Amino acid sequence: MSISNKKKLVVLLSRIPFPLEKGDKLRAFYQIKELSLYYDVYLCALTSSSKSNKNAHDFLESYCKEILFVRTHWIHKFVGIIQSLFCLRPIQVGLFHNCFTHRTVQKWIKKVSPDALYVQLHRMAPYVQNSELPKVLDFQDAFSMGVYRRIDKINIFLKPIFWLEYNLLKRYESVLLKKFKFKTIISEVDRNWIDGDDKESIQIILNGVDFDFYQSSVVKKDIDLLFTGNMGYMPNIDASEFLIYEIMPIVWKKYPTMNVFLAGANPHSRVQSLISTKVTVTGFVDDLRPYYERAKIFIAPMRMGSGLQNKLLEAMAMKIPSITSDVANKSLKAIDGQDVMVANNVVEFANSILRLVEDEGFATTVSTNAFSFVSRFEWKGQCENLHQIIEKAILNK
């Protein structure tokens with residue numbers, strides 16, 4: 001048995017990065033894949049499922065020296081929420097951190113004896129925030145911004161809970177600035193949202209695109225308009241309803257047969273209710289590429305959420321002319337009318353769709369520019385930057 005000369009890196013995740021149907025899972029997987037070139041990766045991920053995780057283990061074992069999946073039961077989550085509120089931590093931190101799981105994770109870290117810790121999301125920060133080991137926290141998004149953008153659109157009875165969570169998140173994000181010397185985040189917009197004099201110390205690590213995986217090919221374009229994502233996620237539910245109930249009626253007046261595909265896992269009942277002769281809801285699919293290949297136009301009419309939209313990166317890499325909102329493009333920083341179409345109200349979205357439908361030359365130019373623009377979003381380069389940050393943490397221990 002050969003002995004590795006690589007340093008040991010423990011990666012702590014709030015979810016198993018498989019399947020790759022959510023943004024945090026996608027980011028975690030590709031970072032693990034690239035970091036495994038530099039380190040022996042020891043992965044610890046939480047799960048609330050009692051089902052076998054063999055498929056996930058098989059999927060990840062090529063990149064990990066050791067894998068630990070820790071199951072959290074509902075009683076753990078209940079206790080965690082109580083503990084978090086008592087400590088003025090966000091409710092969602094309590095869903096993923098509790099005294100029972102904490103002991104398991106700490107015991108495992110001690111056994112591994114790593115050279116560094118890499119922690120994804122504020123949810124996992126309590127497990128190691130007081131550790132003297134070199135550590136790096138990936139905020140990923142400014143989660144307080146995502147919660148804030150949802151407050152106006154939720155049930156009035158839930159508003160007090162969301163206001164509480166928003167304020168707890170704002171406070172906790174500031175606390176973590178001081179707890180972790182080395183931090184990363186997905187965009188400048190998200191970094192600027194966080195309160196604290198030290199927020200400029202947060203390094204920006206963008207998401208990327210697997211260009212070997214997302215390659216366009218010549219197939220019949222029979223999907224007029226495509227929107228993808230986790231369809232159980234509130235920002236995507238809201239965007240789907242906004243598209244079908246408000247934007248498309250304007251488009252359908254001129255093009256009554258235009259079809260729309262909503263492709264992605266876990267479609268909420270509100271998304272399923274949008275199904276009609278013109279609207280297809282696919283549910284979970286193993287591979288989104290065939291839908292991207294068949295799409296004439298990609299649209300992401302986001303009105304809430306935070307971070308960098310992977311769906312846009314994937315569509316642009318597949319050379320699809322794309323439309324999105326300023327909410328999503330602030331992190332992307334594509335040029336409106338050149339790399340992407342940016343719209344912020346019903347009329348602007350409808351007009352953007354109509355222009356791409358009616359001006360094929362313009363649509364081709366946008367798709368070509370989009371592919372050139374998105375070429376900078378490459379996992380290898382972004383993870384090399386992350387590797388350098390981890391190395392600095394180790395040297396500054």
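Reply: In this predicted model, the axes of α9 and helix α14 (residues 346-358) come within 9 Å and cross at roughly 50°. Axes are lines fitted to C-alpha atoms, for helices over the stretch in contact, and angles run from 0 to 180 degrees between N-to-C directions. Helices (H or I, at least four residues) and strands (E, at least two) are DSSP runs, numbered from the N terminus.

Me: Which word describes how α9 lies to α14?

Reply: Angles under 35 degrees count as roughly parallel, over 145 as roughly antiparallel, 65 to 115 as roughly perpendicular and the rest as oblique. The angle therefore makes α9 oblique to α14.

Me: Which residues of α9 and α14 meet?

Reply: Contact means heavy atoms within 4.5 Å. Among the residues that meet are Phe242, Met248 and Val251 in α9, and Phe349, Ile353 and Leu354 in α14.

Me: At what angle do α6 and α7 pack?

Reply: Helix α6 (residues 143-150) and helix α7 (residues 159-179) pack at about 160°, their axes 8 Å apart. The two helices α6 and α7 are therefore roughly antiparallel. Residues that meet there include Phe143 and Tyr148 in α6, with Trp163 and Leu169 in α7.

Me: How many residues does the largest nonpolar core have?

Reply: A nonpolar core is a set of buried Ala, Val, Leu, Ile, Met, Phe, Trp, Tyr and Cys residues joined through side-chain atoms within 4.5 Å. Buried means under 20% relative accessible area, exposed over 50%, partly exposed in between (1.4 Å probe, protein chains only). The largest core here has 64 residues, and Met248 is one of those with the most contacts inside it. Helix α9 (residues 234-254) gives the most to this core, with nine residues. A second, separate core of 31 residues includes Ile16, Tyr39, Phe69 and Phe182.

Me: What is the strand order of the open sheet?

Reply: Two strands pair if DSSP finds at least two bridges between them. The seven strands follow the order β3-β2-β1-β4-β5-β6-β7, with parallel pairing. Strands β3 (66-71) and β7 (202-204) stand at the edges with a single partner strand each, so one side of each has no neighbour in the sheet.

Me: What should I know about the numbering and the limits of the model?

Reply: Residues are numbered from 1 along each chain as its sequence is written. Local features need pLDDT of at least 70 and side-chain atom pairs count only at pLDDT 80 or more, while totals for chains, interfaces and linings use all residues, and side-chain values use heavy atoms, without hydrogens and water.
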